[in-house]
Amino acid sequence: MIKLTADAIFDGHRFLEGERALVLDEQGTISAVVPLSWAGEDVRRLEGVLCPGFVNTHCHLELSHMKGAISEATGLPSFLTAVMEQRRPPGVEVLQEAMRDAAAAMRREGIVAVGDICNTPGSLSVKQEIPLYWHSFVECMGFVDASAPQRLEQALHVLGQFRAAGLPVSLVPHAPYSVSATLFHLIASLGDNSPLSIHNQEAAAENELYEHKTGAFLDFFAHFGIPTEQFSASGHSSLQTYLPWLREVPRLLLVHNTFTTEADLRSLEGRQGDLFWCLCPNANLYIENRLPDVPLLRAKGCRLTIGTDSLASNHALSLWSEIKTLRSRFPEIPLAELLQWATINGAQALGVSGRFGSFEKGKQPGVVQIFNDCATAVAI
């Protein structure tokens, strides 16, 4: 048996009172959390805080080779243009090495599970090599209704390669500004396809497109020769427009939410199914130089998780760095609540709370040591 104690232990839900010891077997399976006086001898004492492994609910491993390639604070349409025009790496080995290094860094800093966005099967071999839990979200996109069946077939081909490798995977809509109404309905009709993830209200231009059919996304479409004649403004925000199309989805993860409003949240009242809200604060600052209305999301009881986005939009894939940003901008939020977003909430969003997210008997959640303002995976 392995016995660990520290200055404080966060169990995924709360900081435990009194001196406690975490008891695990050699495979990292939790046996118990007991008063320190019950643990007997050979207890390994660590400084700082122990908490379950972090769950990164939104990552783009495929963009790891683009670190530092795109200027900050240019706005989402300009950022997307740069990604689309610059994402091809010098060679396959360069991309593989960048992904491998990024995944290894996440593991060192205590991340144990990742919800990862995929446009190709390029990350498959890295996910088989780096021992993290990976749920791959294969993105489907196509803003022209007529192309929806073809776009769906292309994404299903990628999804099939992940399934053939035995890796957890689901097919998801990319974003409201890149998925047509027909394609939304086709994705929503797929069986055995959960959870779903979508980039939501990351820029004001997204809402402007749906409300008035104006704004920077029209220039984005024109730049890439994407016709917009078939698209009509709904007069409502993007979220209020597309979410009814996904009403049968049992578990949905909304990512970014930088421009989500109280009216948007009111429109969700009575919705069935699990709904999670992923915050990627460092990426929001990198791209839009703005953060979501976190106090509003908390006040409305939204279930929050944390993601890192990509190295094209961030300086590191570190969940602790995201927590530090949230603590600095919203000091009123207790650390226990932030850690809950990064552990049990994330595990629930990915559907893996039976294994990850909390120190409970029978789970294998991993252990993170938070000390000297750093987070490090504890070797078991």
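Buried means under 20% relative accessible area, exposed means over 50%, and partly exposed covers the range in between. The views below come from a predicted model.

**View 1. A salt bridge joins Arg303 and Asp274.** The closest N and O atoms of Arg303 and Asp274 are 2.9 Å apart. The pair links distant parts of the chain, 29 residues apart. Arg303 sits in strand S14 (residues 303-306), and Asp274 in strand S13 (residues 274-279). Asp274 has a relative accessible area of 32%, so it counts as partly exposed. Arg303 is also partly exposed, because its relative accessibility is 31%.

**View 2. Glu337 and Arg298 form a salt bridge between two helices.** Their closest N and O atoms lie 2.8 Å apart. Glu337 belongs to helix H13 (residues 335-350). Arg298 belongs to helix H11 (residues 294-299). At 21% relative accessibility, Glu337 is partly exposed. Arg298, at 27%, is partly exposed.

**View 3. Glu19 and Arg45 form a salt bridge.** Here the closest N and O atoms are 3.4 Å apart. Glu19 is in the loop between strand S2 (8-9) and strand S3 (20-24). Arg45 is in strand S5 (residues 43-45). The partners are 26 residues apart and connect distant parts of the chain. Glu19 has 54% relative accessibility and therefore counts as exposed. Arg45, at 47%, counts as partly exposed. The structure holds 11 salt bridges, including this one.

**View 4. Strands S7, S8, S9 and S10 form an open parallel sheet.** The order of the four strands is S7-S8-S9-S10. Strand S7 (54-59) and strand S10 (169-173) are the edges, and each pairs on one side only. Neighbouring strands are turned by 20° against each other on average, direction ignored. Strand S8 (residues 111-118) pairs with strand S9 (residues 133-140) in the parallel sense over six bridges. Cys118 stands opposite Val138 in S9.

View 5. Helix H2 (residues 92-108) has 17 residues. From first C-alpha to last, H2 reaches 24 Å, close to the 24 Å expected at 1.5 Å a residue. The buried residues of H2 are Leu95, Gln96, Ala98, Met99, Ala102, Ala103 and Met106. They cover an arc of only 165° around the axis, so they lie on the same side of H2. Just after H2, Gly110 takes a positive phi of about 95°.

**View 6. Strands S2, S6, S15 and S16 form an open mixed sheet.** The four strands follow the order S2-S6-S15-S16. The edge strands are S2 and strand S16 (374-377), each pairing on one side only. Strand S15 (residues 367-371) runs antiparallel to S16, and four bridges join them. Ile370 has Ala375 in S16 as its bridge partner.

**View 7. Asp373 has a positive phi in the loop between S15 and S16.** The phi of Asp373 is about 60°, although this residue is not a glycine. Asp373 is partly exposed, because its relative accessible area is 44%.

**View 8. A cis peptide bond joins Ser194 and Pro195.** Omega is about 0°. Pro195 lies in the loop between helix H5 (181-188) and strand S11 (196-200).

**View 9. Gln201 takes a positive phi in the loop between S11 and helix H6 (204-212).** The phi is about 45°, although Gln201 is not a glycine. Gln201 has a relative accessible area of 0%, so it is buried.

Technical notes
Residues numbered from 1 in each chain as written. Predicted model: local features only at pLDDT ≥ 70, side-chain atom pairs only at ≥ 80, totals over all residues. Heavy atoms only, no water. Pairing = 2+ DSSP bridges. Axes fitted to C-alpha atoms, helices over the stretch in contact; angles between N-to-C directions. Expected span 1.5 Å × (residues − 1). Buried < 20%, exposed > 50% of the residue type's maximum accessible area, 1.4 Å probe, protein only. Arc of directions from axis to C-beta. Salt bridge = Lys/Arg side-chain N within 4 Å of Asp/Glu carboxyl O.
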